[in-house]
Amino acid sequence: HGAAGPRPAPEATLPGAVPRILLIGGTEPVPDEDLRNLYTAVVEIGRAEGYEVFFKDHPIHSMGFACKSCAVIDPALPMELVTEHFAFSVGVASTAIFGVGDRKLSIMNLLELPKAVRQVRRERLLSHPDSDPGRLEFVADLAALGSILRAARGAGHRDEPTDELADGRRL
């Protein structure tokens with residue numbers, strides 16, 4: 001049951017189009033507050049780098065993340081029916097990451113998971129039939145996430161790149 005292929009991206013060719021990130025939610029074997037704090041930081045970094053951030057929670061294993069600055073996609077909508085174009089899909093270890101996004105970013109390394117759990121989940125992602133090792137990246141830390149997003153935007157898309165989050169903290 002592979003992915004339907006690349007999504008059409010008509011807005012991606014329009015001058016001045018704002019690139020999009022899809023943040024994929026769901027519970028993880030870490031404290032809920034830690035997970036929500038990580039997702040909040042990812043949203044802040046995405047917005048600071050000039051992206052429109054969308055959030056889609058898991059339909060059954062909801063993480064209870066209320067993102068007021070995100071466009072929310074109905075968790076009940078199957079990923080195969082999400083038709084918007086995204087520059088990035090970002091998640092922990094959900095295989096839904098393969099359903100959308102030009103590039104796939106796992107933020108698994110940003111959570112304090114037991115080593116054995118991290119290894120099994122990493123192997124599961126890498127062995128998934130839709131996995132493309134050239135497009136799946138395991139982000140090392142929040143600064144690396146900001147750098148990846150900034151580089152993808154390319155020179156000329158922002159007046160001045162910043163390492164400042166929405167609340168004034170620096171990366």
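Okay, quick definition before we start: I'll say two strands pair if DSSP finds at least two bridges between them. And keep in mind that what's on screen is a predicted model.

So, the sheet. There are six strands in it, and going across you read β3, β2, β1, β4, β5, β6. The sheet is open, and the pairing is parallel. If you look at how neighbouring strands are turned against each other, ignoring direction, the average is 25°.

Let me zoom in on one pair. β4, residues 88-91, runs parallel to β5, residues 103-106, with four bridges between them.

Now the helices. α1, residues 32-48, lies across β1, β2 and β4, at about 175° to β1. Then there's α3, residues 142-153, which lies across β1, β4, β5 and β6, at about 170° to β5.

Next up, the core. Which residues touch the most other members of the largest nonpolar core? That would be Y39 and F88, out of 43 residues. Elements giving two or more residues to this core are β1, α1, β2, β4, β6 and α3, and α1 has the largest share, with six.

Generally speaking, nonpolar side chains in soluble globular proteins tend to be buried together.

How values were computed:
Residues are numbered from 1 along each chain as its sequence is written. This is a predicted model: local features need pLDDT of at least 70, side-chain atom pairs count only at pLDDT 80 or more; totals for chains, interfaces and linings use all residues. Side-chain values use heavy atoms; hydrogens and water are left out. Axes are lines fitted to C-alpha atoms, for helices over the stretch in contact, and angles run from 0 to 180 degrees between N-to-C directions. Contact means heavy atoms within 4.5 Å. A nonpolar core is a set of buried Ala, Val, Leu, Ile, Met, Phe, Trp, Tyr and Cys residues joined through side-chain atoms within 4.5 Å. Buried means under 20% relative accessible area, exposed over 50%, partly exposed in between (1.4 Å probe, protein chains only).
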